[in-house]
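Subject: Structure for your study

Dear colleague,

Please find the structure below, followed by an account of what was found in it. I would ask you to keep it open while you read.

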Amino acid sequence: MSELRKFLFDGLPVRGAIVRLTDAWQEVLRRRASNTTAGAYPAPVQSLLGEMTAAAVLMQSGIQFDGALVLQVFGDGPLKLAVVEVQSDLRVRATASLSGAVENGAALSELINQNGQGRCAITLDPARKQPGQQPYQGVVALSDGEGQGFERMAEVLQHYMRHSEQLDTVLVLAADAQVAAGLLIQRLPVKGEANLAGQASEGEDAAQADTQGQNEDFNRIAHLASTLKREELLTLDIDTVLRRLFWEERVLTFAPLTGEAGPRFACTCSRERVAQMIRGLGQAEAESILAERGDIEVGCEFCGQHYRFDAVDAAQIFAAPGSLPPGSQSVQ
Ligand SMILES: [Zn+2]
């Protein structure tokens, strides 16, 4: 079963989380494979989307936020867009769209950053928005700032965390057809509320320990974390990974988050949302689709659910904004 585990290093300003998505990730892949139009993902896309899914769960688990964390990459290459959305309660959905053939073994730059136009966006979309409130979004290039393109998602996100969020971060990610997994290690600010060490004194030592890249405890644990191999992350259970990496450290682990409390596949699409989208198209556009095809059929990219609206349904959408067409049914 999919599982998320958070942990702390006793007395040190370092926290971690490890995620192992099995059933949740397999469900994402199964739904895509059963989509006869799009078909299963090529291996490099599967691997990238799995790594993004694990990373998005880890990032969502590390913030106090009521809403969706959306991790996207988009750019130029055969992969047009990959999107992962994780709600605060760890419901997960993910999808990718392709515009061309993907070579076996294609790396990140070949998939989506062929001319340096690739971007990674992290959006925090609050569950309850104030009127006019925009979601927070951070966008970074898929390169290190000196033109060197990243070849792994973990590098992109480490770069983002260090530069945009000023957080020392190590991420190890891996995914295949069965498992999407990740390990996150982050340094907490030594000063302030999040001070777990509780012993930061004024003066040079404390200032040094609170400077990015300068905390010895973090650097030691980060080094241990970075020795974790892709294969180990995919095949070993969480306790074994933590023991192997940190057997010399005092690790305090929280209770495993699994089942309804843990990361799980769930789509947030609904007939009502699709109706809103059709309303957004405008009546003229909707009527032209109806004239051409007889009904408006919308398939959810994330879960494969199909929603069909005939002329009567569509007329009701525009006649009574906000209400659902009565008696309407979604079709599988
Ligand atoms: Zn859906």
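Helix α2 (residues 43–61) contains 19 residues and reaches 27 Å from its first C-alpha to its last, close to the 27 Å expected at 1.5 Å a residue. The expected span is 1.5 Å times one less than the number of residues in the helix. Helices (H or I, at least four residues) and strands (E, at least two) are DSSP runs, numbered from the N terminus. Please note that this is a predicted model: local features need pLDDT of at least 70, side-chain atom pairs count only at pLDDT 80 or more, and totals for chains, interfaces and linings use all residues. Residues are numbered from 1 along each chain as its sequence is written.

Of the 19 residues of α2, 17 are buried, so the helix is largely enclosed by the rest of the structure. A residue is buried if 20 or more other C-beta atoms lie within 10 Å of its own, exposed if 12 or fewer, and partly exposed in between, with C-beta atoms placed from the backbone.

Ala106 lies in the loop between β5 (91–98) and α3 (108–112). Ala106 is buried, because 20 other C-beta atoms lie within 10 Å. Leaving aside neighbours within four places in sequence, Ala106 is in contact (C-beta atoms, placed from the backbone, within 7 Å) with Pro44 and Leu111. The C-alpha atoms of Ala106 and Pro42 are separated by 9.8 Å, although these residues are 64 apart along the chain.

The chain is divided into domain 1 (3–265) and domain 2 (271–319), with bounds from an automatic or database domain assignment. Their C-alpha centres lie 35 Å apart.

Yours sincerely

Note on methods:
Two residues are in contact if their C-beta atoms, placed from the backbone, lie within 7 Å.
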